[in-house]
Amino acid sequence: MDFEIPKTYKAAVYDNPGHISTHVEELPTPEPGPGEVLVRLTHSGVCHSDLSIMRCGWAGLPPTPNDQVGGHEGIGIVQKLGAGAEKHVKLGDRVGIKWAAAMCGECGPCRGGFDGHCTLKKFSGYYTPGTFAQYAIAQANYVTPIPSNLSSPDAAPMLCAGLTVYAAFLKANAKPGDWVVISGAGGGLGHIGLQIGSRGMKYRMIGIDHPSKSSLVTECGAEAFIDMTSFDNAGIAEEVKRITGGEGAKAVLVIAGSNRAYAQALEMVGFGGTVVCVGIPEGPPVVMGGAFPGLLSTTQKSIVGSSLGSLKEAVEVLELAAKGVVKTKIRMEKLEKLTEVFQEMADGKMEGRVVLDLQ
């Protein structure tokens, strides 16, 4: 099987890092090296992390290079194999490219099942060309197989949004029937998380977000919606306790990249509850509100971090989507609309997920 591969391809680059700005350019089509594959991308999700990377929003990270090709939720077809890649994939396979672009298989995180945190630290869309493009190079042993009965637009958001929230649930220490809160429930990760939590894991879900997203939140499986604009920090915790019969939630997943959301979270969980930190606020780091050692000790509460997920977990969450457990609210856009998509995201107006049609 051979594929006709063009000499150049279209890609969206960050032409003014630190600001919301992209530009579509023609780039030379790369050749896959040993252990690599060339993937013709058909779709890519757009993640809030892409926005943060583009505008250099996360303190402590090196600035994003000029003309970086962003994106890390790519779906496409393997078009060319580098030496040795045939041991892992074949021409014509439909695969996904995630945020974590490679794994060594030998470091501590890889050995422990956390290959998404491999010490290679090779990330799609950040110092490695990403998936806002018609072609991309990927490591053959780390692309994700896509179920045959799952469409590419539906699969794309699962590679980061779905994977990230699924991995967070696995750290929540909750069991079926427990109350679980998602703060930032109406966004890309949040509305997927509500479906996985309510339909896949049988949790009783509470969603917190702006009132404009209340319908989406309840449609996705939340038994209760809390309007974030109607309560102060103490009041929102009391509302969670009222809904849960006075006990508080078993877990809170903080999806929103908001320091205020983190300041609210510990008081929402009851005795022995867990706060799972997922969203990363932009700007200077702020200590999480209320995280006093004495409080954690006497209430047996836990704070855990969760970012990314493993290749195994990616396969699992794609299977949930293939079974119809989760259905992302998707809006399709073209590559040329990417700057407008990012601006909508920055303004907090986006519901669900945008997926780019790269064909």
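Predicted model: local features only at pLDDT ≥ 70, side-chain atom pairs only at ≥ 80, totals over all residues.
C56 sits in the loop between α1 (48-54) and β4. Although C56 is not a glycine, its phi is positive, at about 55 degrees.

Another loop residue shows a positive phi. K121 is found between α2 (108-111) and β7, and its phi is about 50 degrees even though K121 is not a glycine. K121 is exposed, because its relative accessible area comes to 59%, and exposed means over 50%.

Next comes the sheet that β4 belongs to. Three strands make up an open sheet in the order β2-β1-β4, and the pairing is antiparallel. The edges are taken by β2 (22-28) and β4, each of which pairs on one side only. Strands of a sheet pair through backbone hydrogen bonds, either parallel or antiparallel. In this sheet, β1 (residues 8-14) is joined to β2 by seven bridges, with the two strands running antiparallel. On the other pairing, β1 and β4 are linked over two bridges, again in the antiparallel sense.

A11 stands opposite E25 in β2. V13 has H23 as its bridge partner in β2, and in β4 the bridge partner of V13 is V69. As for cover, β1 is mostly tucked away, with five of its seven residues buried.

Strand β4 spans residues 68-69 and holds Q68. Q68 is buried, since its relative accessibility is 6% and the buried class lies under 20%. Neighbours within four places in sequence aside, Q68 touches A12, V13 and Y14, along with G125, Y126, Y127, T128, P129 and G130.

Two of those contacts, T128 and P129, turn up again at a pocket. The second largest pocket has 18 lining residues, and T128, P129, A136, I137 and A138 are the ones nearest its centre. Its space amounts to about 220 Å³. Strand β7 (residues 135-139) supplies the largest share of the lining, with five residues.

The largest nonpolar core has 43 residues, and the members that touch the most others are F169, V180, I182, L194, I196 and L253. Two or more residues each come from α4 (161-169), β9 (179-183), α5 (188-200), α6 (214-219), β12 (249-254) and α10 (311-322). Apart from this core lies another one, of 33 residues, including W58, V89, A136 and L335. A136 is also one of the residues nearest the centre of the second largest pocket.

Beyond its neighbours within four places in sequence, L194 is in contact with I182, A185, M205, V217, C220 and A222. Helix α4, for its part, is largely enclosed by the rest of the structure, because nine of its nine residues are buried. The buried residues of α4 are A161, G162, L163, T164, V165, Y166, A167, A168 and F169.

Finally, there is R204, found in strand β10 (residues 204-209). R204 is partly exposed, as its relative accessible area is 34%. Setting aside neighbours within four places in sequence, R204 is in contact with G177, D178, W179, V180 and E223. One of these contacts, V180, is among the members of the largest nonpolar core that touch the most others. R204 and A346 lie 142 residues apart in sequence, and their C-alpha atoms are 30 Å apart in space.

Notes. Residues numbered from 1 in each chain as written. Heavy atoms only, no water. Core = buried A, V, L, I, M, F, W, Y, C linked by side-chain atoms within 4.5 Å. Buried < 20%, exposed > 50% of the residue type's maximum accessible area, 1.4 Å probe, protein only. Helix = DSSP H or I, 4+ residues; strand = E, 2+ residues; numbered from the N terminus. Contact = heavy atoms within 4.5 Å. Pairing = 2+ DSSP bridges. 1 Å grid on protein atoms, 1.4 Å probe; cavity = no way out; pocket = protein on both sides within 12 Å on 5 of 7 lines; lining within 4 Å. Points joined across faces, edges and corners; volume = space filled by probe spheres on them.
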